[in-house]
Amino acid sequence: MKIAIIYKSITGNTRLLAEAINEALHENVVYIGEPKERIAADFYFIGSWTDKGMCCTEIADFMKTLDNKRIAYFGTAGFGGSKEYYQSLFDRVKKLCQFTSSMEDYFFCQGKMPMNVRNRYVSMLHEHPEDKKLEVSIKNFDEALKHPDEADIRNVKDWAIKVIENS
């Protein structure tokens, strides 16, 4: 089976997941990298960082071009930890696929965010010290700095192997 791993990463989180998938499935990987035209494969692992509850524009545009393909989606999100949140992200991304393509499974984990995000939260908290949501956002940001961690890498490898075995 020919496998393509297409991804877009800004902070390196999604790239780490893509490289882990490549490591787990390397014998069958014919392409790993950013979206481009004419990537011929039997199965596509497609990944992105999360941008306001959706995959990035480049990945969204690429997914809209796929017709009659088998796909598994992976991603990272700064706001993490909730299976319900990850499911809602996947449900939005899944709508990008042509009705003839099959989105077979997904994997998400938390990922670190740029420091300017934390700085913005801190600045806003100084202006609104009573805002408990900002305190939670800062705590979440600090937790996200630890991810993807070794467990996330191990989990994405196991997931990729399982996806291919079940396909």
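## Basis

The model is predicted: local features need pLDDT of at least 70, side-chain atom pairs count only at pLDDT 80 or more, and totals for chains, interfaces and linings use all residues. Residues are numbered from 1 along each chain as its sequence is written, and side-chain values use heavy atoms, with hydrogens and water left out.

Helices (H or I, at least four residues) and strands (E, at least two) are DSSP runs numbered from the N terminus. Strand S3 spans residues 43-51, and seven of its nine residues are buried (under 20% relative accessible area with a 1.4 Å probe, protein chains only; exposed is over 50%, partly exposed in between).

Strands pair if DSSP finds at least two bridges between them. S3 runs parallel to strand S1 (residues 3-8), with six bridges joining the two; Ile6 has Ile46 of S3 as its bridge partner. Strand S5 (residues 70-77) is also joined to S3 by six bridges and runs parallel to S3, and here Phe45 is partnered with Ala72 of S5.

Strand S4 (residues 54-55) is antiparallel to S3 and joined to S3 by two bridges. The bridge partner of Asp51 in S4 is Met54. S3 and S4 form a hairpin with two residues between them, and Lys52 in the turn has a positive phi of about 55°.

## Nonpolar cores

A nonpolar core is a set of buried Ala, Val, Leu, Ile, Met, Phe, Trp, Tyr and Cys residues joined through side-chain atoms within 4.5 Å. The largest has 25 residues, of which Ile6, Tyr44, Ile46, Ile59, Met63, Tyr73 and Met103 touch the most other members. Elements giving two or more residues to this core are S1, S3, helix H2 (57-65), S5, helix H3 (83-94) and strand S6 (102-110). A second, separate core of 20 residues includes Ala18, Ile21, Val29 and Val156.

Contact means heavy atoms within 4.5 Å. Leaving aside residues up to four places away in sequence, Ile59 touches residues including Ile6, Ile46 and Tyr73, and also Pro35.

## Asp152

Asp152 is found in helix H6 (residues 150-165). Asp152 is buried yet has no salt bridge (a side-chain nitrogen of Lys or Arg within 4 Å of a carboxyl oxygen of Asp or Glu). The nearest side chain of opposite charge is Arg154, 8.4 Å away; Lys and Arg count as positive, Asp and Glu as negative, and His and the chain ends are not counted.

Beyond four places in sequence, Asp152 touches Phe107, Cys109, Gln110 and His147.
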